[in-house]
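Subject: Structure for you to look at

Hello,

Here is the structure I said I would pass on. Please open it first; my notes follow below.

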Amino acid sequence: MIHYDFDGKVAVVTGAAGGIGRATARRLAAAGARVVVADLDLDQAEETVKLIAGDGGDAAAVRVDVAESASVKAMVDFTVRRYGGLDYAHNNAGIVGAGANIADMPDEVWERGIAVMLSGVFYGMKHEIPAILARGGGAIVNTSSGAGLIGFPGMGNYVAAKHGVIGLTRTAALEYITQGIRINAICPGTARSRMVDDWMRGSAEAEAQVAALHPIGRIAEADEIAEAVLWLLSGAASFVVGAALPVDGGYTI
Ligand code: NAI
């Protein structure tokens, strides 16, 4: 594990009560950042804060619904009030895909997937960018998915939102790179998290089937995804702009 230096910096992570977001928030805090742990699930967000405090880091929890612009603005305002500014963001909150083919997908399931995973990233960047510009620049990583690069039957809302995240990331990268904000996306393969645990329900057989879809022969630990997020946010990725980085054990190759 590489040690990055985020000393004196401020970061916000959405979906930070869950697997990938919690791992990113902990890694950022361990690297010296003060971290706002933002999630719809405030209880679990507080758990993330406790884990960070136990590691000796500085973090604060805030409840956010990323599907609501005003809620996301309040998250950024909270961050600036609490820590004096914002340098880095990981827009990562997500929900599971539909589990229904298009003709059978209820409109509200379609709409919620787009609202959380595509509008959520839009509202995130919309409200984070002015705060990051006020500090003279920084970096953003948006969580797409392997499902942002290829199709998956039964997950039309998820796939459309995650493809959309890549287009939005590229556009934002073009709009803000000259002002000092590097914006990229990650495209994880299956990683151990609350979402994936719920979906597999502890079945070793289900995990083996999913693992076999990845050429590497296993699913990821959430930390392996967080490592890529830290790299993209850090100065080590100083020439990486608008990328959609697969971190997927070969799933999409
Ligand atoms: P998770 O379920 O452990 O974490 C997701 C978090 O997002 C949860 O804490 C949940 O409360 C939060 N959330 C849901 N709706 C929200 C909303 N409206 N506002 C604020 N927070 C909300 O899942 P995981 O796996 O850590 O997912 C993180 C991201 O990674 C998601 O965007 C997911 O689509 C993406 N991803 C996950 C993969 C995996 O295999 N774990 C693979 C590819 C992408």
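The ligand is surrounded by 30 residues, the closest being Gly-15, Gly-18, Gly-94, Ser-193 and Arg-194. A residue counts as near a molecule or strand if its C-beta atom, placed from the backbone, lies within 6 Å of it. Helix H1 (19-30), helix H4 (107-134) and helix H6 (194-200) are the elements that give two or more residues to this shell. Helices (H or I, at least four residues) and strands (E, at least two) are DSSP runs, numbered from the N terminus. By type, the shell has 14 nonpolar, 12 polar and 4 charged residues. Here Ala, Val, Leu, Ile, Met, Phe, Trp, Tyr, Cys and Pro count as nonpolar, Asp, Glu, Lys and Arg as charged, and the others, Gly among them, as polar.

This is a predicted model: local features need pLDDT of at least 70, side-chain atom pairs count only at pLDDT 80 or more, and totals for chains, interfaces and linings use all residues. Residues are numbered from 1 along each chain as its sequence is written.

On confidence, the protein averages a pLDDT (the predictor's confidence in each residue, from 0 to 100) of 96, and 100% of the residues score at least 70. Strand E1 (residues 10-14) has the highest mean in the protein, at 99, while H6 has the lowest, at 82. The model's ipTM is 0.99 and its pTM 0.98.

The unreviewed UniProt entry annotates residues 9-189 as "domain: Ketoreductase". UniProt positions are given in the numbering used here, feature names are shortened, and annotations may be inferred rather than shown by experiment. Over residues 9-189 the chain is 49% helix and 19% strand, with 29 Å between the end C-alpha atoms.

Next, the core. The largest nonpolar core holds 77 residues, and Ala-11, Val-35, Val-37, Ala-38 and Ile-225 have the most contacts inside it. Such a core is a set of buried Ala, Val, Leu, Ile, Met, Phe, Trp, Tyr and Cys residues joined through C-beta atoms within 7 Å. Not counting residues up to four places away in sequence, Ala-38 touches Val-12, Val-13, Thr-14, Ala-16, Ala-45, Val-62, Val-64 and Met-75; two residues are in contact if their C-beta atoms, placed from the backbone, lie within 7 Å.

Some single residues follow. Met-117 is in helix H4. Why does Met-117 count as buried? Because 31 other C-beta atoms lie within 10 Å of Met-117, and a residue is buried if 20 or more do, exposed if 12 or fewer, and partly exposed in between, with C-beta atoms placed from the backbone. Leaving out residues up to four places away in sequence, Met-117 touches Gly-94, Tyr-158, Ala-161, Lys-162 and Val-165.

Gly-32 and Tyr-4 are 28 residues apart in sequence, and their C-alpha atoms are 8.4 Å apart.

Regards
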